[in-house]
Amino acid sequence: MTPDLMEEGARRVAAAKQAVVPGKTESGGRAAGFAHLLVEGQVDVSHGRILYLEDVSVSFDGFKAINRLSLDIAPGELRCIIGPNGAGKTTMMDIITGKTRPDAGTVFFGSTIDLLRYKEADIAQMGIGRKFQKPTVFEMLTVFENLELALKTDKSVHASMRFRLDSADADRLAEILQTIHLADSVDRLAGELSHGQKQWLEIGMLLMQDPKLLLLDEPVAGMTDEETARTGELFLSLKGKHSLMVVEHDMSFIRTISEKVTVLHEGSVLAEGTLDQVQGDERVIEVYLGR
């Protein structure tokens with residue numbers, strides 16, 4: 001979530017506590033990026049790619065976490081990213097969202113937006129939403145209040161005090177409640193939800209900000225089998241409307257949602273293809289089985 005949303009959330013949580021009783025790439029590369037004018041709020045996907053990274057590298061204390069990584073994603077695609085621990089999956093997402101600056105390379109959102117020129121909060125406002133493994137929701141607020149808080153509005157104190165939910169926003173909120181399987185829990189405090197339901201709520205909060213690209217880090221970790229299955233249904237319903245990058249270790253879950261899988265190893269792409277193709281790749285077998 002963006003810093004301004006976190007700040008506003010903290011303010012509302014404080015108020016709630018007083019009221020509640022405790023208890024490299026097919027996109028054409030960099031040249032393509034400068035062939036179009038940047039229109040504020042619009043992501044140019046005319047080259048068929050919403051995200052591309054080209055020859056990206058970053059080192060930490062001499063360790064090359066990302067090594068000339070090139071990767072691209074099409075609009076509306078659901079891409080699964082797998083790889084052993086230390087493969088660079090989290091660092092890659094840190095670079096995309098502005099949390100980490102690479103030593104070299106190009107990172108573009110569409111054909112015109114050079115993400116390396118922007119800060120983390122600005123990137124979030126452009127339409128890249130990120131969900132970490134551990135759910136981050138405001139537990140002292142209801143499901144409805146969490147989603148309302150996440151609306152893409154002015155988060156200043158004055159604007160927040162005057163804010164009223166209009167019919168379009170109310171309809172959107174109701175639609176997202178259905179999408180994330182929480183329509184029957186709208187008045188429950190977020191802290192009362194199960195782990196899986198909290199994960200869905202946070203995804204709903206990201207959807208309220210109308211993201212064009214969602215980065216999801218191990219979204220089904222800790223979920224029950226039923227919650228995992230419903231999360232798969234959720235992601236498939238989002239595919240096409242949004243672009244999704246899903247980092248996950250659960251191969252059974254990946255099989256239910258994936259068309260294309262990218263395998264990272266030592267900070268670069270080792271293999272790409274369907275899950276069956278990458279699982280049958282001898283290089284991938286060696287990485288995972290150590291032989």
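Reader: What order do the strands take in the open sheet of six strands?

Author: They run in the order 6-7-8-3-9-10, with mixed pairing. Strands and helices here are DSSP runs numbered from the N terminus (helices are H or I with at least four residues, strands are E with at least two), and two strands pair if DSSP finds at least two bridges between them.

Reader: Which strands stand at the edges?

Author: Strand 6 (128-131) and strand 10 (268-273) do. Each has a single partner strand, so one side of each is left without a neighbour in the sheet. On average, neighbouring strands of this sheet are turned by 20 degrees against each other, direction ignored. For angles like that, axes are lines fitted to C-alpha atoms (for helices over the stretch in contact), and the values run from 0 to 180 degrees between N-to-C directions.

Reader: Before I get carried away, where do these numbers come from?

Author: This is a predicted model, in which local features need pLDDT of at least 70, side-chain atom pairs count only at pLDDT 80 or more, and totals for chains, interfaces and linings use all residues. Residues are numbered from 1 along each chain as its sequence is written, and side-chain values use heavy atoms, leaving out hydrogens and water.

Reader: OK, and what's the mean pLDDT of the chain?

Author: The mean is 86, and 80% of the residues reach 70 or more. Residues 19-36 have a pLDDT below 50, though this stretch has 39 contacts in the model beyond near neighbours in sequence. Another stretch, residues 154-161, stays under 50 and has 10 contacts beyond four places in sequence. By the way, pLDDT is the predictor's confidence in each residue, from 0 to 100, and contact means heavy atoms within 4.5 Å.

Reader: Back to the sheet. Do strand 9 and strand 10 pair in the parallel or the antiparallel sense, and over how many bridges?

Author: Strand 9 (residues 260-265) and strand 10 pair in the antiparallel sense, over five bridges. Val 263 has Ala 271 in strand 10 as its bridge partner, and Val 261 has Gly 273. The two strands form a hairpin with two residues between them, where Glu 266 takes a positive phi near 50 degrees.

Reader: And what about strand 3, buried or exposed?

Author: Mostly covered: five of its five residues are buried. Buried means under 20% relative accessible area, while exposed means over 50% and partly exposed is in between (1.4 Å probe, protein chains only). Leu 78, Cys 80 and Ile 82 point one way from strand 3, and Arg 79 and Ile 81 point the other way.

Reader: Which strands does strand 3 pair with?

Author: Strand 3 pairs in the parallel sense with strand 8 over four bridges, and also in the parallel sense with strand 9 over four bridges. Arg 79 stands opposite Met 245 in strand 8 and opposite Lys 260 in strand 9. Ile 81 stands opposite Thr 262 in strand 9.

Reader: Switching to helices! How do helix 7 and helix 8 cross?

Author: The axes of helix 7 (residues 167-179) and helix 8 come within 10 Å and cross at roughly 145 degrees. Arg 172, Leu 173, Ile 176 and Thr 179 in helix 7 meet Gly 204, Leu 207 and Met 208 in helix 8. By class, that contact has four nonpolar, two polar and one charged residues. Ala, Val, Leu, Ile, Met, Phe, Trp, Tyr, Cys and Pro count as nonpolar, Asp, Glu, Lys and Arg as charged, and the others, Gly among them, as polar.

Reader: What else does helix 8 lie across?

Author: Helix 8 (residues 195-208) lies across strand 6 and strand 7, running at about 170 degrees to strand 6.

Reader: Why does Leu 173 count as buried?

Author: Because its relative accessible area is 2%. Leaving aside neighbours within four places in sequence, Leu 173 is in contact with Phe 144, Leu 147, Glu 148 and Met 208. Leu 147 is 26 residues away along the chain, yet the two C-alpha atoms are separated by 6.9 Å.
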